[in-house]
Amino acid sequence: MVSKATEEEFLFLAKEEQEAAPESPHSGEWHLLIVDDDEEIHTVTRRALSDLLVLNRKLVFHHVYSGKEALAFLKTNPNIAVILLDVVMESDNAGLQVVQQIREQLKLDEVRIVLRTGQPGYAPEESVIKEYDINDYKTKTELTRNKLVTTIIASIRSYQQIRTINQNRLGLQKIINAGANLLEQHSLHEFSEGVVTQISSLIGLHAEGVLCAQIEDDGSASDNIYVLGAAGNYAPYIKCRLERLNNERIIQQITRCLDQRQHIFTDRDTVLYLGNSEHAAAVYLETNRPVEDFDRQLIEVFLSNISIGYENVTLFQQLKHAAFIDPLTKTPNRNEFTVLLQDTRRLDPEQTVAVLVDIDHFSDVNDGLGQEIGNELLVAVTHRLVAQFGEIAQIGRIGADVFGLIGPQSALTPESLTSIFDMPFQCSEHALQVNATFGFCRLKDSAKQGISILKQVYIALNRAKKHLVQNFEYYDAQMETMMMERLVMLRSLRSDFQRNKLQLWYQPQVCLKTGKVIGLEALLRWPQAEGGFVSPATFIPLAEYSGLIIEIGDWVLQQACLMLQQLTHAGYTGVRIAVNVSMPQFRHHRFVQSVIDCIEQYQVEPARLELEITESVVMDDPKAVIAALEQLKAFGIKVAIDDFGIGFSSLSYLQQLPLDRIKIDRTFIKDFQGVTGSLIAETIVHLGQKLGLATIAEGIETAEQQQLVAAMGCEEGQGFLYAQAMPATELFQYLKTTKS
């Protein structure tokens, strides 16, 4: 028999002589690395500690026999709690060198190190501990079993505390990073993962767990619960549905927590409720033991602190979702569609086409039936597009009434898309029959950037809207070239106008009976630096399209009134000036008043200013034009209709117009040799006589033409036979040499 005192002094008692440790449940393991070149030390250490439970966990032993082996082992097994390290192995200070490399090279600051030596006095205990960051330094002879157990327990507790602090820091850092990067794609997941890690650290456990929340991923109310953050073995399931975990216990507890909106504490697990009814989440942790009251209080404080942060990060996630998904149709919006265009162009451009679908006259639905019916129509169109093309194409809504599709060229054809609109769309009690216009762009022929591709499809769509026959157009590079040329010309026109480079020229109008000059037509000219002029047929429509015609029109009126003033001073009081007026000018709210103000400013007789309008201007908005002309007519200003006979005017509107003069278009004058031309010209003259209107024929170039129109009863003429258009500097010289 050995005494109790003697038993305490030896590590190598026979295993059968040790007292049996009571059975107790345990959770997890502590990994212990024994580094010693003496096999017997490994054996007796393992025997002495084999039944030891520390904080309800068993020990797992690992064995190496040199410093080199220890470093190699730790490189692949960093989760060691305690290292029992011999100082003297392959060299006298091999153990100390291992400690140095563990701390400095492997950067393992959590593992606790206990130095053991068979050569007492080799190194001063105090200096070794200070220099090499070790837990204890003992000689093998003084390290009895009880002291060894005490050392191991103290080291593991130290290891757990340091690890908890580091986990704490890691969890906080993840939350800080998530808060600083809320607009990043995975910010919500990073925040959620940080919450799981932080709670585990707060309660002193290296627990595995998940944070889950309900996500309405298809825009409808649903019970889709997704894993937003996870730690441990559950990390691969982030962004997956909760069912993917295949763990009935977790699914049941998470669902129960979200339904009851309260924490759940059991002996096996802990489920915490986070947020509110609008932004709620459940944090599940495998604790395998009850959470102490103190830890519960700590968790409550922590959750209250981060609940606002969770709501904020969720709101940011929703904002991000809204930035890429159309809320009405639940399809990609313009931003996301642009990304899809670029990705498809990069990955699969061959035989792929991008399409824009523009619902014709959609604003009439909104204005006539209300926005709710308009929204129902958009949703109905979306459903029909998805039903027809959803499996083969990307579908998005990129404008108020514009949809986009990306898919195979063989399937997305004008015929297949037009068929979508063959049947009416049922919207509440309304059956709406609508049509659409389509723009196509083959991705192999497109730009590479998504925004540039979208621009090209829009170019095709805009061209399609101008077609009178077909409702679609395919993009061609020449379209963009022409558009760029128009933009360049428009910028140049605007620049030259601001620098007073435009000129107003005048073409005489004569009385066919007397040959006297009775009027002038003001004609706009745009000279070029290299010589020559840009045709008015080219730049006038451009000015009208851009709205610049309003400013140019005001300038023309100013110049014409100034010229009338100068003609008066020169004695030509019987000469009038005709100025062309476009539709955008009529639409401007100050047009009538600006004409009157101009006449009053230059103090000219209103009857000497004549406004020329075309049939197309009248037919664009007859009521607005007639109302404006009546005000001007009442002030004394003359009105002529230009290019009469070549448009599609209505004689009923012609009767309502306050006209003074009809201009016979040059087309009919040129065609005098044909029966049709002379017949139409004669008809216009007779119509003018019946309506009490004067007539003037433009484009007279020969004496024969002059004789013919005069014989018809036409009073006035204009054309190259008399004079070409000329600048103001030449006009007075011309008037001196002619009758006026």
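Is F421 buried or exposed? F421 is buried, with a relative accessible area of 4%; buried means under 20% relative accessible area, exposed over 50% and partly exposed in between, computed with a 1.4 Å probe on protein chains only.

This is a predicted model, in which local features need pLDDT of at least 70 and side-chain atom pairs count only at pLDDT 80 or more, while totals for chains, interfaces and linings use all residues. Residues are numbered from 1 along each chain as its sequence is written, and side-chain values use heavy atoms, with hydrogens and water left out.

**The chain as a whole**

The protein chain has 26 helices and 28 strands. These elements are DSSP runs, numbered from the N terminus: helices are H or I with at least four residues, and strands are E with at least two. Of the 740 residues in the protein chain, 47% are buried. Among contacts in the chain with a separation of 6 or more, 64% are between residues 24 or more positions apart; contact means heavy atoms within 4.5 Å.

**Aromatic pairs**

The structure holds 12 aromatic pairs. Rings of Phe, Tyr and Trp (its six-membered ring) pair if their centres lie within 6.5 Å; planes under 30 degrees apart count as stacked, over 60 as edge-to-face and the rest as tilted. Two of the pairs are listed here.

| Pair | Centre to centre | Angle between planes | Class |
|---|---|---|---|
| F421 and F438 | 6.3 Å | 50° | tilted |
| Y572 and F732 | 6.4 Å | 45° | tilted |

The pair of F421 and F438 links distant parts of the chain, 17 residues apart. F421 lies in the loop between α13 (414–419) and β15 (425–427), and F438 in strand β17 (residues 436–442). F438 is buried, with a relative accessible area of 1%. Both F421 and F438 belong to a cluster linked by ring pairs, together with F425, F440, F472 and Y474.

The partners Y572 and F732 are 160 residues apart. Y572 is in the loop between α17 (549–569) and β22 (576–580), whereas F732 is in helix α26 (residues 728–736). Y572 is buried, at 14% relative accessible area, while F732 is partly exposed, at 21%.

**Two helices in contact**

Helix α19 (residues 591–602) packs with helix α21 (residues 622–635) at an angle of about 20°, and their axes are 9 Å apart. Axes are lines fitted to C-alpha atoms, for helices over the stretch in contact, and angles run from 0 to 180 degrees between N-to-C directions. The angle makes α19 roughly parallel to α21; angles under 35 degrees count as roughly parallel, over 145 as roughly antiparallel, 65 to 115 as roughly perpendicular and the rest as oblique.

From α19, the contact is made by F591, V592, V595, I596, I599 and E600, and from α21 by A628, Q631, L632 and F635. By class, the contact has eight nonpolar, one polar and one charged residues. Ala, Val, Leu, Ile, Met, Phe, Trp, Tyr, Cys and Pro count as nonpolar, Asp, Glu, Lys and Arg as charged, and the others, Gly among them, as polar.

**Two further buried residues**

F302 is in helix α9 (residues 293–324) and is buried, with a relative accessible area of 10%. F302 and Q198 are 104 residues apart in sequence and 9.0 Å apart in space, C-alpha to C-alpha.

Q705 is in helix α25 (residues 703–712) and is buried, with a relative accessible area of 13%. Not counting residues up to four places away in sequence, Q705 touches I669, K670, F672, G699 and I700.
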